[in-house]
Amino acid sequence: MAKTLFDKIWDAHVVKSMKDGPDVLYIDKHLIHEVTSPQAFAGLEKRGIGVARPENTVATADHNVPTENQHLPIQDQLSRFQVDKLTENCKKFGVTLYGLNHPYQGIVHVIGPQLGHTQPGMTIVCGDSHTSTHGAFGAIAFGIGTSEVEMVLATQCIMQPKPKKMRITVDGVLSAGVTAKDVVLYILAQVTASGGTGHFIEFAGSAIKSLSMEGRMTVCNMSIEMGARGGLIAPDETTFDYIKGKEFAPQGADFDTAVDEWKKLYSDDGAKFDTEFNFDAADIEPMITYGTNPGMGAKVKGKIPAYCEVPESDRKTLEKSLAYMGFNADEQIAGKAVDYVFVGSCTNGRIEDLREVANLVKGKKKADNITAWIVPGSKQVEQQANEEGITKILEEAGFKLRQPGCSACLAMNDDKIPAGKYAVSTSNRNFEGRQGPGARTLLASPLTAAAVAITGKIIDPREII
Amino acid sequence: MSREKFTSFVSTAVPMPVENADTDQIIPARFLKATSREGFGDNLFRDWRYDSNNQPKPDFVLNNPNYSGQILVSGKNFGSGSSREHAAWAIYDYGFRVVVSSFFADIFKGNSLNNGLLPVQVSPEDLEDIFNTININNQAQFKVDLENQTFTNATTSKDISFEINPYKKECLLNGYDDIDYLLNLKPEIEAFEQSRT
C-alpha cells in the first residue's frame, strides 16, 4: 500500500501498538535544555533510575542564558541556578552537555542540525515546541512536555497517539526578495494558527524543494504555529550535501550506506493524506504579522484586514489583537514606525539569515530610532559570521552581534522589548507579552527586518535591495 | 509512581471567553525558571491578572469574587504555542481540574492528561450555552463524570458527552503513570533495539 513519508518513519519506530491507545514510539535522539528538564531529572531521582540511553541524549543551555558577557557568572540568580542544575544533572546522569562557552553551545534546534545529530528517518524529541525544525531533514521531530521528557530519559520511548496527515504543496518559483519565512507566514495566513491541529504536515512542491536547508528549517520550525504536531520535508541531494561531513553524521562508506536508506524516504505516489492544501509560489510576497497570533499576517505592502473582511466569529479576536498592538483595522502596514529589530531564534538565527541581513545592510547605516539585537543561533554560527566578515559588515552599519541564545524570542533572559514598543522580529511568536510584558511584535523575514533596521519603519525589503 | 485519581465532581465554573489563550498567557516565560513543579498557580495568566505594578486587574475573571470553582471555561484553541508543561501545572496548581473549550492545542492536551487535568472538548454551540448559563447565574453547577464521559449543565440538564482516549481515561481514573507502564515494557524495548541493529 502507498505510504506517506510520515507513516514510513513512524511505523518503523513503533515498539508496541495499543488497541484504542497511543503507540509506544522509539526515540532516536533526545535533545534537552535547562528549562524543561530539571523536573524530569528530579522524577528519575525519585524513582531511583538513570537515563536509559545517555548516548542518544544531547543537552545545551539556550533559553535562559544572557547574550552579553557569557564569560561572567549569570547575573540572574534563578537563571543561573537553572543552568547550573542542567550541568549537575548531565554530569550525574552521563549526558553530553554543550554548556555556556562550549564551542558547540547554541539554540538546541540550531546545533542539532549543525553538528549532524539531526538525520533523515529519525525520531527526534525535545521539551520545546520548535523541535519541529528538525523535520526539514525528513525526520519526525516534535515538542514534548516535561513528563514526556522524563519518559524518554527513563525508557527512550514515548507514548503518542498517531496524528493525522496533512500535505501542503507550494509549487512554482519564488520571486527575488521572497524568503522561506515569507512562505511560512503566507501559509499561516491561509491555514490559520490552528488549521494544523491534530496533524503532522509534509511540505512539498517545487518551491519547497528549491529552499536551502536553512530555509526548510524555517518552514518546518513554524509548522507548530499552525497547531500541527510538526512538519517534515522529504530528504534530497540538498539534505545529503548539508549533512555530509558534519561531525556526528555517518562518515565515509557509512555515509553512502545511510544515503541509500535516506533515498527511500518520500511519500509514495497515491499515498493518502487526511488534509491537503496547494499554493502557488507566485502569490507569495514579503509578509509581516499585524496581530497577536502568527496566523494574523499580511503582505508588507498590504493592509490590516477590515472587520467586514474576516468571518464574524473572528472579529472579537481581531479587535482584541489590534487593541493590544495599537493598530486599526483596514490601515496600511508599511510606513509604521518601529522601535526594535530582533534577528535571531531557532526560526531565523542561522548563518544564512545573518548573510541576508549583512548583504542588505552593507554600506548602509542603521536608523537612529532603532535598537537592533542580532543574536546568532549558536557559537558555530557566531564563529562563521566572524570568519565570513559578517560581524564586521554589521558593525560598520551600526549593529553589534550578541552572543548565542534564545534571547528576545521568548524574553526569559534580560533581552526584553519594553512595554508598548514595536519590534520587528525574525522569531516565531507574536503572542501578547511574548517578547516582554506589553511588547508589540511583528514577525517578518531577516531581509524585511534588516530593511526596517535601516529605514526605521516597516518597509518591503524589495524597495531598498 | 501513582498520581491522584480523577473522580467525578460537581462545581461552579469560571468563564474566560477568550480565544487562543496561548501558553505565554497561561504562564509567561519569565516564570519558567523554577526547577520544581509547584507554585506556578500564583502566576497563572499573570499579565492578564496583574498590572505592571503587580496590582490585580479588577476586570480579569480570576480577580472577580463572583466566579470560582474547579472548572475553567475558555474560547477555542486553548493552550496553543509552547510545549511548556508549566502551563498545565499552573492551571492545576491554581485549583482547576477541568478546562472546557471548543478545541485544544495538541501538546497542551497531552501535558494536561499527564498531570491529572482533564481537557473537555465541546462543540462551539455547547460552549456558547455554557457561557450563557454562567452569565445568567454565576453559581450554576456543572457535573464532570469521567467514567461516563459526560459534562452536565445542571441548569439545563443537558449531558454533553466528550471524547477521551480510552488508555488515558484509565490512567486518569486509576492515577496510573505512563512511565511505570513504559518501565514495565523494558524487555520489548530492548528487543526492538536489537531488531534494528
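A: Two strands pair if DSSP finds at least two bridges between them. Helices (H or I, at least four residues) and strands (E, at least two) are themselves DSSP runs, numbered from the N terminus. The model is predicted, so local features need pLDDT of at least 70 and side-chain atom pairs count only at pLDDT 80 or more, while totals for chains, interfaces and linings use all residues. Residues are numbered from 1 along each chain as its sequence is written, chains are lettered from A and ligands numbered from 1 in the order in which they are written, and side-chain values use heavy atoms, with hydrogens and water left out.

In chain B, four strands form an open sheet in the order 1-6-7-8, with antiparallel pairing. Its edges are strand 1 (9–11) and strand 8 of chain B, each of which pairs on one side only. On average, neighbouring strands of this sheet are turned by 20° against each other, direction ignored; axes here are lines fitted to C-alpha atoms, for helices over the stretch in contact, and angles run from 0 to 180 degrees between N-to-C directions. Strands of a sheet pair through backbone hydrogen bonds, either parallel or antiparallel. Strand 1 of chain B is joined to strand 6 (residues 142–145) of chain B by three bridges, and the two run antiparallel. Within this pair, Val10(B) has Lys143(B) of strand 6 as its bridge partner.

The loop between strand 7 (150–153) and strand 8 (158–161) of chain B contains Ser157(B). Most residues other than glycine have a negative phi. Ser157(B), although not a glycine, has a positive phi of about 60°. Its relative accessibility is 57%, so Ser157(B) counts as exposed (buried means under 20% relative accessible area, exposed over 50%, partly exposed in between, with a 1.4 Å probe and protein chains only).

Leu25(A) has Ile158(A) in strand 8 as its bridge partner. In a regular strand the side chains alternate between the two faces of the sheet.

A salt bridge is a side-chain nitrogen of Lys or Arg within 4 Å of a carboxyl oxygen of Asp or Glu, and the structure holds 41 of them over all chains. One of these joins Asp7(A) and Lys162(A) at 2.9 Å, N to O. Asp7(A) lies in helix 1 (residues 5–11) of chain A and Lys162(A) in the loop between strand 8 and strand 9 (164–171) of chain A, so the pair ties together parts that are 155 residues apart in sequence. Asp7(A) is buried at 9%, whereas Lys162(A) is partly exposed at 35% relative accessibility.

A further salt bridge is formed by Asp180(B) and Arg47(A), with the closest N and O atoms 3.1 Å apart. Because Asp180(B) belongs to helix 7 (residues 178–184) of chain B and Arg47(A) to helix 2 (residues 38–47) of chain A, this pair joins two chains. Asp180(B) is partly exposed, with a relative accessible area of 29%, and Arg47(A) is buried, with 17%.
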